[in-house]
Amino acid sequence: MPSYNHLEIEPKWQGRWEEAGAGKSTGESSNGKDPLYLLTMFPYPSGSGLHVGHVESYTAVDIVARKKRMEGHDVLFPMGFDAFGLPAENYAIKTGVHPAETTDKAIANFRRQMKALGLSFDWSRELSTCDPAYYKWTQWMFLLFYKNDLAYRAKAPVNWCDGCATVLANEQVVDGKCDRCSTVVVQKDLEQWFFRITKYADRLLAGIDTVDWPERIKTMQRNWIGRSEGVEVEFRGLKGEMIGEPGAERVHEAEFSIPVFTTRVDTLFGVSYIVLAPEHPLVDELTTVENREAVVAYRDQARKKSELERTQLEKDKAGVFTGTYAKHPLTGEEVPIWISDYVLVNYGTGAVMGVPAHDDRDYVFAYKYSLPVRQVIAPPAGMPEHDFASAAYGDAGILVNSEAFSGMASAEGKNAIAAELESAGKGKRVTNYHLRDWLVSRQRYWGAPIPMIWCETCGVQPVEPSALPVLLPRDVDFKPTGKSPLVDSVTFHDVVCPKCTSPARRESDTMDTFVDSSWYYLRYVDSTNAEVFAEPEALKKWCPVDLYVGGAEHAVMHLLYSRFFAYALHDLGYLDFEEPFLKLRNQGLILGPDGEKMSKSRGNVVNPDEVVEQYGADALRLYEMFMGPLEDAKPWDTSGIVGVRRFLDKVWMMRERVVDAGSPLLRQGGDGGGLRIVHKTIKKVSEDIDAMKFNTAISAMMICANALQTAETIPRDAYGSFVKLLATFAPHLGEEIWHDLGNTSSVFDETWPTFDEAMLIDDLVAIAVQVNGKLRGTIQMDPSSNEKDVQDRAVATENVAKFLEGTEIVKVIFVPGRLINIVVR
């Protein structure tokens with residue numbers, strides 16, 4: 001089959017589109033259509049360029065954008081680059097090449113690749129998070145949050161590598177070791193900046209029910225926020241401390257209190273020990289002299305583990321006894337206090353009560369250290385007894401061995417025990433969250449500097465907004481020294497205190513790159529404004545985002561942080577909405593030909609540049625949309641793209657048989673079937689694009705093309721409508737065919753094709769005729785025929801009529817367009 005020349009056609013139309021400013025917002029909609037904001041997650045511009053996963057999500061939204069423009073919507077479909085990040089800085093450490101240089105080259109390559117795919121982005125709104133014109137407003141938002149008590153500084157543990165003498169991000173820790181030098185990573189406490197996202201925990205939890213997002217993403221956010229209602233129980237005791245003058249010391253018993261949060265206060269009588277996080281502030285005070293050496297050694301080991309390693313259920317649970325006891329709040333029994341790394345100091349109160357009979361983790365710990373296992377919950381009546389010798393029983397049930405509360409159901413027992421604790425002043429009902437405040441400090445260079453100044457007299461002071469942006473200096477050494485590269489920059493710290501004008505120093509930390517991506521969608525609507533991050537009128541026109549497409553891996557970081565920013569900016573009067581993304585869809589992974597995730601180490605990476613060179617951008621776009629449902633993981637199959645290219649070649653050759661008048665041959669026996677397939681295809685493709693079912697839309701176009709191919713000639717209107725549909729998926733070929741048909745304007749300036757409802761109905765359908773439930777014949781009739789017409793035709797049919805002779809019709813069962821059953825006696 002003769003093939004179109006994609007190497008000639010595609011660059012030609014890309015140049016013409018760029019010259020015409022295609023993709024730009026027109027400024028107004030037609031036919032009363034609302035403006036639409038369509039967005040894909042912007043990429044980090046890596047040195048390796050686009051991968052086929054990028055192509056999938058970008059093409060999907062591009063198809064929607066092109067259709068919506070043709071329907072009359074004013075569409076905002078921008079693109080930019082999430083350009084700060086570790087890879088560029090790591091490359092600078094190895095080579096000495098400044099991150100700005102490598103990032104600029106990577107962005108230029110990404111832009112080239114995107115344009116080669118025919119993506120209709122509005123390039124006039126392009127932004128880069130490492131551009132000072134952008135991060136000026138990132139810094140402005142930090143100051144806004146600081147002014148409104150949403151940004152604060154506190155101590156927090158960080159990952160530390162002694163080998164590199166530097167702080168590592170979580171993604172740089174692999175199996176507890178530095179990904180650069182394989183040194184065991186330890187935890188250190190450093191002063192860090194935080195955003196107070198926990199203030200919005202309840203609203204973020206409630207708001208997730210108001211958006212059209214995949215349920216699994218909603219569930220992941222709900223679990224991450226982790227709202228739980230329970231009781232904070234006070235375990236009190238006495239600790240011995242030495243007081244008095246040297247030589248006359250005596251032991252003094254000082255009282256201490258350990259608050260413990262639990263959602264299962266109904267199991268309180270089953271407590272046989274308490275566990276503190278190794279970092280808990282009371283550990284040093286509660287550890288006896290005899291136990292100190294073991295406690296110190298254990299804490300050193302705990303510092304070498306990541307949070308994930310410490311909390312994995314399948315990991316062996318180890319701990320050390322402090323030597324001190326607390327008293328049970330209701331029984332007065334002494335309860336030993338242990339430390340274990342499965343308890344985290346920054347979750348809950350940093351302490352848990354050990355109830356081994358009713359918690360799997362506590363059960364393993366208790367058996368390892370021969371601690372009592374006390375059953376206090378029995379299965380409900382009618383359920384089999386539980387074997388506590390083999391496992392814990394974690395479900396609700398009936399309280400036993402719980403003094404006055406025995407015999408109560410778990411729910412009743414929770415309320416009764418909570419009331420008793422509150423009455424005795426030994427506990428209170430509280431709501432707890434898994435969500436923690438967002439640590440935004442990074443001891444890195446390639447990020448937005450935190451706009452704060454340190455003065456020996458006045459303390460920490462915010463930079464004046466008029467002095468923004470705080471620029472990254474160039475006089476830095478990227479070699480890791482255990483502190484931010486900004487610390488030793490002379491030019492960076494040439495600053496005075498904004499309050500007293502004394503010589504001062506800037507904050508040397510930079511911001512987490514997720515801060516940059518938490519508000520970028522707002523900047524797109526007014527991307528060149530130097531006075532405000534966006535004009536209110538532009539925000540009101542475009543925001544919130546109508547459709548957002550990206551990877552599910554961003555469920556609990558980028559997406560949650562973006563929601564926090566929107567809620568905060570709404571409360572501070574800058575936005576008139578709370579939820580940033582009304583509709584979210586995730587694309588699935590495109591796997592290598594071997595069915596594994598693509599990676600250089602596996603040698604299974606598919607380079608989109610090579611595919612575009614060999615088969616064309618349109619074939620790549622169409623193939624990725626045809627592989628399967630957008631949200632599914634799909635393995636790459638080169639034979640599949642070959643088949644898609646053959647389909648495009650078929651459509652290309654069909655143009656040679658186009659005529660101005662309708663063709664009887666197309667009408668398939670005079671019943672209009674050929675035209676009907678076009679109308680059916682318009683309906684199917686229109687609905688499928690809106691539902692983002694691109695694979696079935698392509699299938700419908702293939703069926704239509706096969707039907708049209710049977711005709712010697714094809715009506716121009718029918719072919720033109722088909723080309724409009726195809727053009728959203730294969731824009732270069734669509735534009736080329738459209739102009740080859742004699743049109744002078746762009747196919748994308750045309751209106752979206754409409755279908756005629758009457759043409760969706762087949763001319764004739766086969767209707768089964770039954771007599772007393774047995775098939776006696778079929779008749780060809782209009783599917784809209786009524787019962788009387790079908791019955792008259794049926795009884796006149798020779799084979800049916802002989803079974804009706806000498807009978808009386810007592811009932812007729814009629815299914816329009818399908819069946820008539822004549823019941824006789």
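Predicted model: local features only at pLDDT ≥ 70, side-chain atom pairs only at ≥ 80, totals over all residues.
Pro544 is found in the loop between helix 15 (536-542) and strand 24 (547-550). The peptide bond that joins Cys543 and Pro544 is cis, with omega about 0°. A cis peptide bond also runs from Leu468 to Pro469, where omega is near 5°. Pro469 belongs to the loop between strand 20 (459-462) and strand 21 (495-496).

The whole chain may now be considered. The protein chain contains 25 helices and 33 strands. Its C-alpha atoms fill a box of roughly 120 × 80 × 50 Å, taken along the principal axes. Of the 825 residues in the protein chain, 53% are buried. Among contacts between residues at least 6 apart in sequence, 72% join residues at least 24 apart.

Asp149 has a phi near 60°, a positive value in a residue other than glycine. Asp149 is placed in the loop between helix 5 (132-147) and strand 3 (151-161). With a relative accessible area of 43%, Asn772 is partly exposed.

Strand 30 (residues 765-771) also holds Gln770. Gln770 is buried, because its relative accessible area is 17% and the limit for a buried residue is under 20%. Which residues does Gln770 touch, not counting residues up to four places away in sequence? The contacts of Gln770 are with Leu775, Arg776, Leu819, Ile820, Asn821 and Ile822.

The next topic is the packing of helices. Two packed helices are described by the angle between their axes and the distance between the axes. The axes of helix 21 (residues 694-709) and helix 22 (residues 716-729) come within 11 Å and cross at roughly 145°. The crossing of helix 21 with helix 22 is left-handed. On the side of helix 21, the contact is made by Phe694, Ala697, Ile698, Met701, Cys704 and Ala705, and on the side of helix 22 by Phe722, Leu725, Leu726 and Phe729. How many of the residues of this contact are nonpolar, polar and charged? Ten are nonpolar, none is polar and none is charged.

Aromatic rings provide a further view of the structure. A pair of aromatic rings is described by the distance of the centres and the angle of the planes. A search of the whole structure finds 48 aromatic pairs. One of these pairs is formed by Tyr146 and Trp193, with 6.0 Å centre to centre and 70° between the planes, an edge-to-face arrangement. Tyr146 lies in helix 5 and Trp193 in strand 7 (residues 186-195), so the pair ties together parts that are 47 residues apart in sequence. Tyr146 is partly exposed, with a relative accessible area of 25%, whereas Trp193 counts as buried at 1% relative accessibility.

Another edge-to-face pair consists of Tyr445 and Phe478, at 5.1 Å centre to centre and 80° between the planes. Why does this pair tie together parts that are 33 residues apart in sequence? The reason is that Tyr445 lies in the loop between strand 18 (441-442) and strand 19 (452-455), while Phe478 lies in the loop between strand 20 and strand 21. The loop between strand 20 and strand 21 is also where Pro469 is found. Tyr445 is buried, with a relative accessible area of 1%, and Phe478 counts as buried at 9% relative accessibility.

Ring pairs can also be linked into a cluster. One such cluster joins Phe142, Phe145, Tyr146, Trp193, Phe195, Tyr200, Trp438, Phe514, Tyr561, Phe564, Phe565 and Tyr567. Tyr146 and Trp193, the edge-to-face pair described above, are thus among the members of this cluster.

Finally, aromatic rings also meet charged groups. The charged end of Arg66 sits over the ring of Trp17, 5.4 Å from the centre of the ring. In the case of Arg655, the charged end sits over the ring of Trp652, 3.6 Å from the ring centre.

Definitions and conventions
Residues numbered from 1 in each chain as written. Heavy atoms only, no water. Axes fitted to C-alpha atoms, helices over the stretch in contact; angles between N-to-C directions. Helix = DSSP H or I, 4+ residues; strand = E, 2+ residues; numbered from the N terminus. Left-handed = near helix turned anticlockwise from the far one by under 90°. Contact = heavy atoms within 4.5 Å. Nonpolar A, V, L, I, M, F, W, Y, C, P; charged D, E, K, R; others polar. Buried < 20%, exposed > 50% of the residue type's maximum accessible area, 1.4 Å probe, protein only. Phe/Tyr/Trp six-rings, centres within 6.5 Å; stacked < 30°, edge-to-face > 60°. Lys NZ or Arg CZ within 6 Å of the ring centre and 35° of its normal.
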